[in-house]
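Please read the points below alongside the sequence and the coordinates. They are numbered so that each can be taken up separately.

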Amino acid sequence: MKRGEIGLGLEDSGYSGMVFERLSSLHIDIGDLISIERNGNEFTGLLMPRSQIGSDENHIVIKLENGYNIGVCIDERCIIGKKKSSTKRRRKPPVVRDVNPNLPTVSIISTGGTIASRVDYRTGAVNPALTAQDLYDSVPELEDYANVHAKVLMSVLSENITPSDCTKLVKKVASEIRRGVDGVIIAHGTDTMGYTAAALSFALSNLPVPVALVGSQRSSDRPSSDSALNLIGATKIVGKADIAEVMVVMHGETDDSFLYAHRGTRVRKFHSSRRDAFQSVNDYPLLRINDRGIEEISEPLLRRNAERIVKVKPKFEEKVALVKTYPGMRSTVVETLLDDEYKGLVIEGTGLGHAPDILRPVLKKAIESEVIVVMTTQCINGRVDMNVYRTGVQLLDLGVIPCDDMLAETALVKLMWLLANTKDNREVRTLMVTPLAGEIGMRSEYSQYHISSRKR
Amino acid sequence: MSDESWYEHIGLMVGLELHQQLDTERKLFCHCPTVIREDEPQGRFIRRLRPTKSEMGEVDPAALFEFKKKKKFCYEYYNDTTCLVEGDEEPPHDICEEAIDISLTLANLLHSRPVDEIHPMRKIVIDGSNTTGFQRTAIVALGGQVNVGGKDIHIQTIAIEEDAARKIADDERNNMRVYRLDRLGIPLIEIATAPDIRSPHEAQEVALAIGMLLRATGKVKRGLGTIRQDVNVSINGGSITEIKGLQQLDMVAKVVEYEATRQENLLMIRDELRGKGITPSDIAMDIHDVSDLFVHTKSKVIKRALSTGGAVYGVKLSGFSGLLGREIQPDRRLGTELSDYAKFWGGVGGIFHTDELPNYGITKDEVEKLYGFFDAEKDDAIVVVAAHSDRCIAALEAVVRRAKESLIGVPAETRTPLPEGQTKYARPRPGAQRMYPETDVRPVKITAQRLKMIKKHMPEPLEERRKRFVREHGLSKDLAAQIVRSHFLNLYESVTEKLDINPTIVATTFLNTVVSLNREGIPVETIGDMQFERVFSSVAENKISADAIPEMISYLAQNPSATVDDVINATGLARMKQSDLQEIVKGVVSERIDYIRENGERAIGGIMGVVMNKVRGRAEGKTVKALVTSEVNKVIDGGLQQ
């Protein structure tokens, strides 16, 4: 839920200018019953926040008795009056729950977005469910699968997550694992969930238990939200599946039927809005989960083993860029990055791993000044092979590193991580092409690629 | 006492909510066309809905109940006329401006005040009819009135909202309901009147009057299911009953009358129970397994239940003997109301109650055993259910709850209309609408400039149109008066505007031909506007004769996928060539020379009849008559010459 989260103060309710002045001079607050008289018509309703897009300075939004909101245009002649102050509702005190010794213990770390929420139909506010109690209230089925610990680590929209946020998250997950939980769930906005999944995959190695990132494509305030099914599925997986990897757990198709758990280094968001937006690239998902149980599709890299000690390398180099080439591209795009002392450059080239000739001089300059330059493909599916055409060979000769079938986003994260956690560039170059967390595969299989067709 | 004063005496109050589909280019929140389809869907998907937690902890009990039953919803879609928005896989697009304009036009006709800014809301509905779990709805105008029979009926609100998905089937075996996405998102205008209506007849008149205003905009859909109304009925001491989704306007009076009767009868039953000294505590949730009493039963229902692992459960309702069999609406008894609850909450097929026993294979002996088992008096009734035990218990718990309500009076319910005008229980009446803002769609400002444009382009009033049809189209006064009141008004206008065709032919087709075919049971509802237009253009282009229209329409109605050309080929209704017609006339005349000589010009009528029978609509009477007259005259003249 990106919008509509409101506080009850007038200051952050979206009103400004003349309307704000008049409301505050009358000591009117959000939720108060007010009346507005205009041209002989009276409108009565609860004052609502004006936090929606397209708002201006001269409308007041009120909720009528029948539950509908309307906007009333305000001018100097309008008479505004306060009829009744809002009644604040008291929340129930949380119920203390007994730990069920037969169930696994699962930590749910929230980074922002709302995997669960509650709606205040009085004001229209959608408030995130943050505590374990809130989660149990919103998704009561969780009680059947795990003893849940809920933590709010940060409250960031996923497009704003930075490498240092990732570092914080890695440390938090590690500390939860060290506490001996059976699995960790991270509630994450879907936009950059693939990047964070890759970051965790590299920064947390030798995992004893699974870590699952989970999100929702339909906000959790709506009855059709995918969030509950995703959260329940992730809870079942991290609680009992015999796997110890970082995964993304989301809908497998538009139906509320099954979920896939994708390997954190192989997953990408492929659709801006569909529930089944996440797909594995150049690989298969790891698990498929539905009402009947969990099915293993691919062999995991590690099985669950509580004795194993997690290794943590949480740092990331921020000065790494992902550059997509395109017809007519100028070399200044890259030069600017060099001027800014970037240390790594992931090129999302065309086809088998090509870039316009015009970039060659600046890439040469970059590599000579110890910037690591790696190549991925903007085709998304398939492998780079820079030996086939002369352009590729020339780039190879300059020292551009081909990333095989690694996702561009994963290559970016991996390079950020390597630059922050290795001794020298030679080691970076070697490790970049060495599979560390399932991010590279040497065989491309037929069924890994899908073609859309129109069913008739 | 006259009907009107009787209804005044019992304090009848009625409010209407009319929902009319708009005939817009696109849906309210996406760019799909507003078409309903009967061909095989191109795909389907299955979803579930979960009641969202409210700050107030309120959850719609019926919704919660369905969720707990793990109800699944299957949605059928078409690639070319539905999209991800209907499937709740893409955020809604901006509101359809055309729908707003139509609503503003209607607001003008009803003297309502448009709001300054339209705010789309989400109204929680989790019966699966909306993929999102809510219906998007927005108020466009407030207040206003419509004058019906000299009385002002006040309008409360004019709203636009998205129509729901169309229910196709209930797949009980898989605990799944099937919906089709074609209807979801078609713009609906909702007009809610104040509870100003005081008699069934008035309710009907108000519905018709608003219906006519809607058609006057020229922008509404026609046909079954395109207009639906909710009727809210209460009487003194009763409750507001919300009868939802009535599709025939001409049933409004009957539905209101039956509901008033129902509430009166329920109040009478309440008074009788109270008179007997029955209190709510006398009606206990004392539900027992009575399977043992039915081991040797002849009742097929009970035998089947027992042989498939089920049981028989019963409960005593103190003081209800004779009342369960009491009719409260034609053919519906208090027992039927209890049974509706049992079906809804217990998912059972129905109940048995002692007011209707012995019957259905249950013997007098078994009834006596039941009375013995429950230690019941003659004045008590016993209700029995046969099914799986958890269902039996849920069903009887609902029966007891409903029986307790009988002591209070009329339960506040949402009810579904039945074909004859009675109603059955649908679900408890939801409390305050659970609404919150649709944050994915921008609010829309209604500018003064826009309102000016709307005022400038108001549709021609029906009265003006009636006069114009007489003046310019040459319709009779009677036909003109009928067509302006007809569902076909818009189609009549577009056909007569587009095509070079005699307007009287078009009007009589809609007002007489279609009506009489409908009476004969021919499903004329299936014929779309396009098909009608093609029939008329075939007439205009001289492909068929006007006399062939009834047969064309009848064929199209029974073969909805046929094109007009198919029909012409299949029925041989193509207009005959003049020379072929002449051949036929000559043949008929030559076979009847003697008859003509005997009867002279009087023979023309008889010969006409024979020829018309042979050409069956492939030629117009006028043409045939001219040919027959000329041929007959030749024979007469020839005779004279001889």
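Predicted model: local features only at pLDDT ≥ 70, side-chain atom pairs only at ≥ 80, totals over all residues.

1. Strand S12 of chain B (residues 187-193) is mostly covered, with seven of its seven residues buried, where buried means under 20% relative accessible area, exposed over 50% and partly exposed in between, for a 1.4 Å probe and protein chains only. Pro187(B), Ile189(B), Ile191(B) and Thr193(B) point one way from the strand, while Leu188(B), Glu190(B) and Ala192(B) point the other way, and all are buried. Strands here are DSSP runs of E of at least two residues and helices are runs of H or I of at least four, numbered from the N terminus.

2. S12(B) runs antiparallel to strand S1 of chain B (residues 13-21), to which five bridges join it; here the bridge partner of Gln21(B) is Leu188(B). Strand S9 of chain B (residues 151-162) is also antiparallel to S12(B), through seven bridges, and Glu162(B) stands opposite Pro187(B). Two strands count as paired if DSSP finds at least two bridges between them.

3. Residues are numbered from 1 along each chain as its sequence is written, chains are lettered from A and ligands numbered from 1 in the order in which they are written, and side-chain values use heavy atoms, with hydrogens and water left out.

4. Chain B averages a pLDDT of 90, and 96% of its residues score at least 70, pLDDT being the predictor's confidence in each residue on a scale from 0 to 100. For the complex, the predictor gives an ipTM of 0.91 and a pTM of 0.86.

5. An open sheet of four strands in chain B has the order S2-S3-S11-S10, with mixed pairing. Strands S2 (43-47) and S10 (166-171) of chain B stand at its edges with a single partner strand each, so one side of each is left without a neighbour in the sheet. S2(B) pairs with strand S3 of chain B (residues 72-77) in the antiparallel sense over five bridges, and Cys74(B) in S3(B) is the bridge partner of Ile46(B).

6. Another open sheet of four strands in chain B, in the order S15-S16-S20-S19, is antiparallel. Its edges are S15 (288-289) and S19 (352-353) of chain B; each has a single partner strand, so one side of each lacks a neighbour in the sheet. S15(B) is joined to S16 of chain B (residues 311-317) over two bridges in the antiparallel sense, with Asp289(B) opposite Tyr313(B).

7. The largest nonpolar core has 113 residues, and those with the most contacts inside it are Tyr15(A), Ile60(A) and Leu317(B); such a core is a set of buried Ala, Val, Leu, Ile, Met, Phe, Trp, Tyr and Cys residues joined through side-chain atoms within 4.5 Å. Its largest share, eight residues, comes from helix H5 of chain B (residues 252-275). Apart from it lies another core, of 53 residues, which includes Ile177(A) and Val413(A).

8. Chain B is divided into domain 1 (3-273), domain 2 (279-406), domain 3 (460-571) and domain 4 (578-641), with bounds from an automatic or database domain assignment. The centres of domain 2 and domain 3 of chain B, taken over C-alpha atoms, are separated by 55 Å.
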